[in-house]
Amino acid sequence: ALYVVDLVRFRQIAAGDRLRGQYQGLSADPHSLANLDQDLPNNMQAEVPIFSLHEDWLWCETWCSKDRLHRAKTIDLCQNPKTKEPKLSRARQIPEWEKYDSEIATFARKLADSGLIRSHAAAENVDALAGESKQSETADSSKESHTKAHEEL
């Protein structure tokens, strides 16, 4: 789920406390947790008004048509119940995925190397964290970084 929040108003009406109380009530029923991201705001609509964003703000393969994908501002990598395709496989179908993943991993690695973040797991690319290695990496360095990342997680 994607939400845009007016934090001033959110705090004025104590929305966090209200949502937390409703969550506690829903969490008592194990069946309600299946759709918590939908049930929680829907059950609270009268107390914490929620307005829909334009459909281009969130695209998910489960309920959106592929002809809208190119306009999507965000993509929910939800697991499609029809295909059961893993989220990582779905992400790799997005043309920019590999570039962004590499840029983020490089930036996080610089932060980790300079001591600004402690976890080297954050500096790993998605292949290392998923247990897959790229052909361009040597087996030793991939195995070493994979082991280090998993130890930190």
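A residue is taken as buried when its relative accessible area is under 20%, as exposed when that area is over 50%, and as partly exposed in between (1.4 Å probe, protein chains only). The model is predicted, so local features need pLDDT of at least 70 and side-chain atom pairs count only at pLDDT 80 or more, while totals for chains, interfaces and linings use all residues. Residues are numbered from 1 along each chain as its sequence is written, and side-chain values use heavy atoms, with hydrogens and water left out.

The chain contains seven helices and two strands, where helices (H or I, at least four residues) and strands (E, at least two) are DSSP runs numbered from the N terminus. Along the sequence, these elements follow the pattern α-α-α-β-β-α-α-α-α. Of the 153 residues of the chain, 25% count as buried.

Helix α5 covers residues 97–113. The expected span of a helix is taken as 1.5 Å times one less than its number of residues. For the 17 residues of α5 this gives 24 Å, in agreement with end C-alpha atoms that are 24 Å apart. Buried positions in α5 are Asp101, Ala105, Ala108 and Ala112. Viewed down the axis of α5, these buried residues fall within an arc of 70°, and therefore line one face of the helix; the arc is that of the directions from the helix axis to the C-beta atoms. On the face of α5 turned away from its buried side are the exposed residues Lys99, Phe107, Lys110 and Asp113. Gly115, which has a positive phi near 85°, follows α5.

Helix α2 was examined in the same terms. Its 13 residues should span 18 Å at 1.5 Å a residue, and the end C-alpha atoms of α2 are 18 Å apart, which agrees. Ala15, Gly16, Leu19 and Leu26 are the buried residues of α2. Down the axis of α2, the buried residues fall within an arc of 90°, so they line one face of the helix. The exposed residues Asp17 and Gln24 are carried on the face of α2 turned away from its buried side.

Ten salt bridges are present in the structure, a salt bridge being a side-chain nitrogen of Lys or Arg within 4 Å of a carboxyl oxygen of Asp or Glu. One of them pairs Arg18 with Glu47, the closest N and O atoms being 3.9 Å apart. Because Arg18 lies in helix α2 (residues 15–27) and Glu47 in the loop between α3 and β1, this pair ties together parts that are 29 residues apart in sequence. Arg18 counts as partly exposed, at 34% relative accessibility, as does Glu47 at 43%.

A further salt bridge is formed by the side chains of Arg71 and Glu55 (3.3 Å, N to O). Arg71 lies in the loop between β1 and β2 (75–76) and Glu55 in the loop between α3 and β1, so the pair ties together parts that are 16 residues apart in sequence. Relative accessibility is 35% for Arg71, which therefore counts as partly exposed; Glu55 is partly exposed, with a relative accessible area of 43%.

The side chains of Glu61 and Arg90 also meet in a salt bridge (3.7 Å, N to O). This pair links distant parts of the chain, with Glu61 in the loop between β1 and β2 and Arg90 in helix α4 (residues 87–91), 29 residues apart. Glu61 is buried, with a relative accessible area of 18%, and Arg90 is buried, with a relative accessible area of 6%.

Trp57 is placed in the loop between α3 (36–43) and β1 (59–60), and at 36% relative accessibility Trp57 counts as partly exposed.
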